[in-house]
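Welcome! Please open your viewer and get ready to select a few places one after another.

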Amino acid sequence: GRGEYTVGLAERQATANFIGIDRKGARMWKGCKYSVDHQMENVAFLRTQIQYLPFFFSPKEVREIWITFPDPQPRNCKENKRLTSSFYLDIYRRVLSPDGCVHLKTDSEFFLDYTLESVSRNNGQVITLQKDIYQHDLVDERLAIQTYYEKMWLSQGKGIHYLQFKL
């Protein structure tokens, strides 16, 4: 995305490193510029496709993966492009530490339901599930970070959902 979540996480946790990943560099430009302008030393951006994570990270090196507002790819023929398909969960499993987890924020109930099924099929464990997060107390203060797309979905009256799981 535009790097808002990467920068927002880095501002909240100055002792941890955060790497934003996208296949299109123009999307990340805003977050890159902000992090450079604010001399943030715990932020980096990587332009690559997500399936190449194992080429950039050692096995078990990553503590958390945040997936924020991915394209739900609702047509059945696009299932393998969904960022929580078995194909991608296997990639995440390879780079996540044993206590590592994946966080998902989405406006799509379809994608949330798909992810829950995918986590179950892949012997994952749901840690937290909160539908329509702004109708309740946030289970994690980092959920208060809002991306451009999240603000757009909220202005249209859509609910925002959160899922945390282990693989």
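Which residues does Val95 touch, not counting residues up to four places away in sequence? Select Val95 and you will find Leu53, Pro54, Phe57, Ser58, Pro59, Lys60, Glu61, Val62 and Ile65, where contact means heavy atoms within 4.5 Å. This is a predicted model, in which local features need pLDDT of at least 70, side-chain atom pairs count only at pLDDT 80 or more, and totals for chains, interfaces and linings use all residues. Residues are numbered from 1 along each chain as its sequence is written, and side-chain values use heavy atoms, leaving out hydrogens and water.

Val95 has a relative accessible area of 1%, so it counts as buried (under 20%; exposed is over 50% and partly exposed in between, with a 1.4 Å probe and protein chains only). Val95 is part of helix α4; helices (H or I, at least four residues) and strands (E, at least two) are DSSP runs, numbered from the N terminus.

Next, colour the open sheet: its 4 strands run in the order β3-β4-β6-β5, with mixed pairing (two strands pair if DSSP finds at least two bridges between them). β3 (62–68) and β5 (125–130) are at the edges with a single partner strand each, so one side of each has no neighbour in the sheet. Look along β3 and β4 (residues 96–106), which pair in the parallel sense over 6 bridges. There, Trp66 stands opposite His103 in β4.

Finally, select Phe55 in helix α3 (residues 53–56). Phe55 counts as exposed because its relative accessibility is 67%.
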